[in-house]
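Please look over the sequence and the model below. A short briefing follows, grouped by topic.

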Amino acid sequence: MPKTKPLIRDEKAERAETRRKLIQSKMGARDIRSRVELSRRIGISETTLRGKLRLGCWTADDLAKMDKVLRFTSEELAAIVRGCG
């Protein structure tokens with residue numbers, strides 16, 4: 001039987017997916033090849049980074065550290081922040 005989409009949209013999961021794709025895109029643009037490298041550069045464990053990418057909520061301190069490495073535009077940063085909580 002083919003896999004089908006659920007009838008009810010999971011907006012929280014959709015926002016987390018959008019953030020994850022944006023971060024992965026910036027990683028590619030900044031020549032950061034893995035989550036391990038990104039986690040090392042922003043000073044958090046890989047496990048913590050993996051969880052934050054999956055769940056989608058970041059602290060202001062995490063975002064500041066990640067912004068120093070990935071250099072988000074104001075629109076990109078706003079897209080990451082929207083929906084946390």
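Is Ser39 buried or exposed? Ser39 is buried, at 4% relative accessibility; buried means under 20% relative accessible area, exposed over 50%, and partly exposed in between, with a 1.4 Å probe and protein chains only. This is a predicted model, in which local features need pLDDT of at least 70 and side-chain atom pairs count only at pLDDT 80 or more, while totals for chains, interfaces and linings use all residues. Residues are numbered from 1 along each chain as its sequence is written, and side-chain values use heavy atoms, with hydrogens and water left out.

**Overall layout**

- The protein chain has five helices and zero strands. Helices (H or I, at least four residues) and strands (E, at least two) are DSSP runs, numbered from the N terminus.
- Read from the N terminus, the order of elements is α-α-α-α-α.
- Along the principal axes, the C-alpha atoms of the protein chain fill a box of roughly 45 × 25 × 20 Å.
- The protein chain has 85 residues, and 31% of them count as buried.
- Take the contacts in the protein chain with a separation of 6 or more: 59% of them join residues 24 or more positions apart. Contact means heavy atoms within 4.5 Å.

**Around Ser39**

- Ser39 sits in helix H2.
- Its contacts, leaving aside neighbours within four places in sequence, are Ile44, Ser45, Glu46 and Leu49.

**The nonpolar core**

- The largest nonpolar core holds 16 residues. Such a core is a set of buried Ala, Val, Leu, Ile, Met, Phe, Trp, Tyr and Cys residues joined through side-chain atoms within 4.5 Å.
- Ile23, Leu38, Trp58, Met66 and Leu70 touch the most other members.
- At least two residues of this core come from each of helix H1 (11-29), helix H2 (35-42), helix H3 (46-55) and helix H4 (60-70).
- H4 gives the most, with four residues.
- Leu70 touches Ile23, Lys26, Met27, Arg30, Ile32 and Leu38, not counting residues up to four places away in sequence.

**Salt bridges**

- Side chains of opposite charge can pair when their charged atoms come close.
- The count comes to eight salt bridges. The rule asks for a side-chain nitrogen of Lys or Arg within 4 Å of a carboxyl oxygen of Asp or Glu.
- Lys52 pairs with Asp62 in a salt bridge, with the closest N and O atoms 2.7 Å apart. Lys52 lies in helix H3 and Asp62 in helix H4, so this pair ties together parts that are ten residues apart in sequence.
- Lys52 is buried at 16% relative accessibility. Asp62 is buried too, with a relative accessible area of 8%.
- Asp61 and Lys65 meet through their side chains in a salt bridge (3.4 Å, N to O). They are four residues apart in helix H4, so about one helical turn separates them.
- Asp61 is partly exposed at 46% relative accessibility, and Lys65 is partly exposed with a relative accessible area of 32%.
- Lys21 and Glu17 are four residues apart in helix H1, so they are separated by about one helical turn.
- Lys21 is exposed, with a relative accessible area of 52%, whereas Glu17 is partly exposed at 29% relative accessibility.

**H1 against H5**

- H1 and helix H5 (residues 74-81) pack at an angle of about 145°, with their axes 9 Å apart. Axes are lines fitted to C-alpha atoms, for helices over the stretch in contact, and angles run from 0 to 180 degrees between N-to-C directions.
- Arg19, Leu22, Ile23 and Lys26 of H1 make the contact with Glu76, Ala79 and Ile80 of H5.

**Two loop residues with positive phi**

- Asp31 is not a glycine, yet its phi is positive, at about 60°. Asp31 lies in the loop between H1 and H2, and Asp31 is partly exposed, with a relative accessible area of 46%.
- Arg71, also a residue other than glycine, has a positive phi near 50°. Arg71 lies in the loop between H4 and H5, and Arg71 is partly exposed, with a relative accessible area of 49%.
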